[in-house]
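Please find below a short note for a colleague.

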Amino acid sequence: SDDGKLSFDEFKAYFADGVLSGEELQELFCTIDTHNTDNLDTEELCDYFSKYLGEYENVLSVLEDLNITILKAMDKTKKDYQEASSLEQFVTRFLLKETLNQLQSLQSSLECAMETTEEQTRQERKDPIKPEVLSVQWPGKRVARRLQRNNSLSSNNPYSSTGWIEEDSQWVIQINRLQKLIDRLEKKDLKLEPLEEEVLEENARSHIMIVQHQMSVIEEKVAEFRLALKQYLESASAQGGCLHVSVQKLPSNFHFIVYEFWENSNAWNSHLQMNYSKAFQRSNVDFLETPELITTMLVPGKY
């Protein structure tokens, strides 16, 4: 609440990890609260966690330097981008994208490590303590990323934050309509509408690429497959050309269906060349009973 200290409710909302129970979180809170004020201040938090940093002291130090370096680069981008030549602007966009890809690769590795340690802890815990689950709802990642990227550029940028939100809203509407169409096709109750001629607007997006993956997973490999799939979906959804990804699991067996919506075929082809995509395809060799079945379909961009 911006008062410089954490109450237990604030502490629990931030630190609950789905493993520790409410009682264990309360015990941890009291351990850190050496001043016995029923609130945690910055000094108490630093004193507690500094005892356990180990190798992460160097990691956090490097991240602090990295944060400062990136902010300096963003500030220079904000000042110089609009006055730069087309070639210089292209190089800047490439460097921004490459930096983002590198950071996302690190994030994926960390998330995989977090999930592995949490799962191992859950398996090792033999006591039937109910874990405390975080109830805070975080904003959508893609919108937040777009707003952050927008704010790093000039305030005169024609793609204002409002414009990004409106564009996302339109894509959500479009995706929902396409999802309904897929549902109707799967239920075999499609009714064709009378033919209507479509006139494309100037500069309108031509076609959206819809991709369907069908994967039959080996029963003993389901847990490993889920981790690999989660990492793949998060990496794919973070790509600029990705509109939407979703996954379905058939109840009768270990069969998964993944749907991906891409702005165009070029975005899909670029996605296939990314390291995370290649890594997922390689891992499926060990996870799947039969080769993955991929179906693609192009639909009008203005559907």
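1. Two strands are taken to pair if DSSP finds at least two bridges between them. The model discussed here is predicted.

2. M209 has L298 of β6 as its bridge partner, and I208 stands opposite V299 in β6.

3. Strand β3 is also joined to β5, again through eight bridges and in antiparallel fashion. Within this pairing, Q212 stands opposite Y259 of β5.

4. The sheet as a whole is open and holds four strands, ordered β4-β5-β3-β6, with antiparallel pairing. The edge positions belong to β4 (242-249) and β6 (293-300); each has a single partner strand, so one side of each lacks a neighbour in the sheet. From one strand to the next, the twist averages 15 degrees.

5. Helix α9, residues 265-272, packs on this sheet and touches β3, β5 (255-262) and β6. The direction of α9 makes about 125 degrees with that of β5.

6. How many of the ten residues of β3 are buried? Seven of them are, with buried meaning under 20% relative accessible area. Strand β3 is therefore largely enclosed by the rest of the structure.

Notes: Residues numbered from 1 in each chain as written. Predicted model: local features only at pLDDT ≥ 70, side-chain atom pairs only at ≥ 80, totals over all residues. Heavy atoms only, no water. Helix = DSSP H or I, 4+ residues; strand = E, 2+ residues; numbered from the N terminus. Axes fitted to C-alpha atoms, helices over the stretch in contact; angles between N-to-C directions. Contact = heavy atoms within 4.5 Å. Buried < 20%, exposed > 50% of the residue type's maximum accessible area, 1.4 Å probe, protein only.
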